[in-house]
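Student: I would like to learn how to read a helix packing and a ligand shell. Please take them in turn.

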Amino acid sequence: QPTDANLDAYWMPFTANRQFKKAPRLLTRADGMYFTDDKGRQVLDGIAGLWCVNAGHNRPRIVQAIQQQAAELDFAPPFQMAHPKAFELAERLVELTPAGMNKVFYTNSGSESVDTALKMALAYHRVRGEGSRTRLIGRERGYHGVNFGGISVGGMVGNRKMFGMMLSGVDHIGHTHDAARNAFTVGQPEHGANLADDLERLVALHDASTIAAVIVEPVAGSTGVLIPPKGYLQRLREICDKHGILLIFDEVITGFGRTGNPFGAQTFGVTPDLMTVAKGLTNGCVPMGAVIAKQHIHDAFMNGPEHLIEFFHGYTYSAHPLACAAALGTLDTYAEEGLLTRAGELGGYFAECLHSLKGLPNVIDIRNIGLVGGVELSPLPGEPAKRAFNIFLDCWEKGVLIRTTGDTIALSPPLIIERKHIDHIIDTLRGAIQRAA
Ligand code: PMP
């Protein structure tokens, strides 16, 4: 059993989990929609683990695929070698992506995918003789993982304040000023295009010929479930096209069915140049990510021996056989059970239930798309994020796992969820919000 002493002695938990020490929450099993904790309690999973277990837990096809792969081929060096499942998976992924996005590069996480995509964008411009395009643009309240590229383009200032040095030449599209925030939170369609015009401001400031890429999440998850207003992503695409800037979608959360289509790009009808995925790619079972690129981007830096040497990138565990097997088992499960469109089918019911929380004490906004939802609460005076965290603890006690992103409660359940589970999550949340008043 963990005690304060052995926690201190042996283990450095994920640093955002300092609260863990006060009340250890240990998970020992998981099946379908439920975790089991060390006391044998069943806990309904309202966040798909960490936005990743889209097919639910302990799925036979995935378990078998991993077991079989471990016995058959445990490792294949990704340099100068490969194994058949790496190709099979790439083909299967490309079937799901928007037309034209057909080159797959494997990584081991969302953070690695982001830094890989940024490097690809820079390399693309450089090999085309546009080496002056080195600026990268992210979005205020964007989250792109924890590596240097990701925290530089990410919009969470707190995540980079301890490190002094960041990538240089990074800017962020505005987001948090009142008009922008309202447009995102309330989803006012008419503001979408105007909001994206903030990118034109940066283009005017720096000159388009210095800008390599813009990176955004189609729906920001970790910074509070922010759904872009209508026209926003379209306008970003237009502006990028006009100025020769690459558009990167970080689909680490929105990928694999979360918004009702395989990818957010399809839900919003906008095709990026590069997209990053992870999480749902292996149903959370084995670490894996990928960058998926348009053919011409790949060709620019991969055609010809000089470019191969110029663009050196890859990991020991790129296309790891266990990860590829897990991902293939995951895609099979998604396909057999129609999970990649299920969020669209159940999204209406989910929205109805979520919006029934309107009017509860301290609820100031409710946002949703597909099977992802956010309930924003007014913060406790002087204690940001505390009210939401108290609600998280209360739900945990009552056997429901949710997530907090600042003072927004986030829901992102496995896509196998049924109406009765949605009812249970919402009823539990309702009680917790009332008790926190
Ligand atoms: N991008 C986005 C949009 C994410 O939500 C996350 C993780 N929450 C990441 C990148 C980083 O992924 P990982 O934790 O697998 O490195």
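**Helix packing and ligand shell**

Tutor: In this predicted model, α5 and helix α12 (residues 295–302) pack with their axes 8 Å apart and at an angle of about 65°. Helices are DSSP runs of H or I, at least four residues, numbered from the N terminus. Axes are lines fitted to C-alpha atoms over the stretch in contact, and angles run from 0 to 180 degrees between N-to-C directions.

Student: What does that angle make α5 relative to α12?

Tutor: Roughly perpendicular, a term for angles of 65 to 115 degrees.

Student: Which residues of α5 and α12 make the contact?

Tutor: Met-120, Ala-123, Tyr-124 and Val-127 of α5 meet Ile-297, Ala-300 and Phe-301 of α12; contact needs C-beta atoms, placed from the backbone, within 7 Å. This contact has seven nonpolar residues, no polar and no charged. Nonpolar covers Ala, Val, Leu, Ile, Met, Phe, Trp, Tyr, Cys and Pro; charged covers Asp, Glu, Lys and Arg; the others, Gly among them, are polar.

Student: Which residues come nearest the ligand?

Tutor: A residue is near if its C-beta atom, placed from the backbone, lies within 6 Å. Of the 14 residues around the ligand, Ser-109, Gly-110, Ser-111, Gly-145 and Val-252 come nearest. Helix α5 (residues 110–127) gives the largest share of the shell, three residues. The shell has five nonpolar, seven polar and two charged residues.

Student: How should I read the numbering and confidence?

Tutor: Residues are numbered from 1 along each chain as its sequence is written. Local features need pLDDT of at least 70, side-chain atom pairs count only at pLDDT 80 or more, and totals for chains, interfaces and linings use all residues. The chain averages a pLDDT (the predictor's confidence in each residue, from 0 to 100) of 91, and 89% of the residues score at least 70.

Notes
Helices (H or I, at least four residues) and strands (E, at least two) are DSSP runs, numbered from the N terminus. Angles under 35 degrees count as roughly parallel, over 145 as roughly antiparallel, 65 to 115 as roughly perpendicular and the rest as oblique. Two residues are in contact if their C-beta atoms, placed from the backbone, lie within 7 Å.
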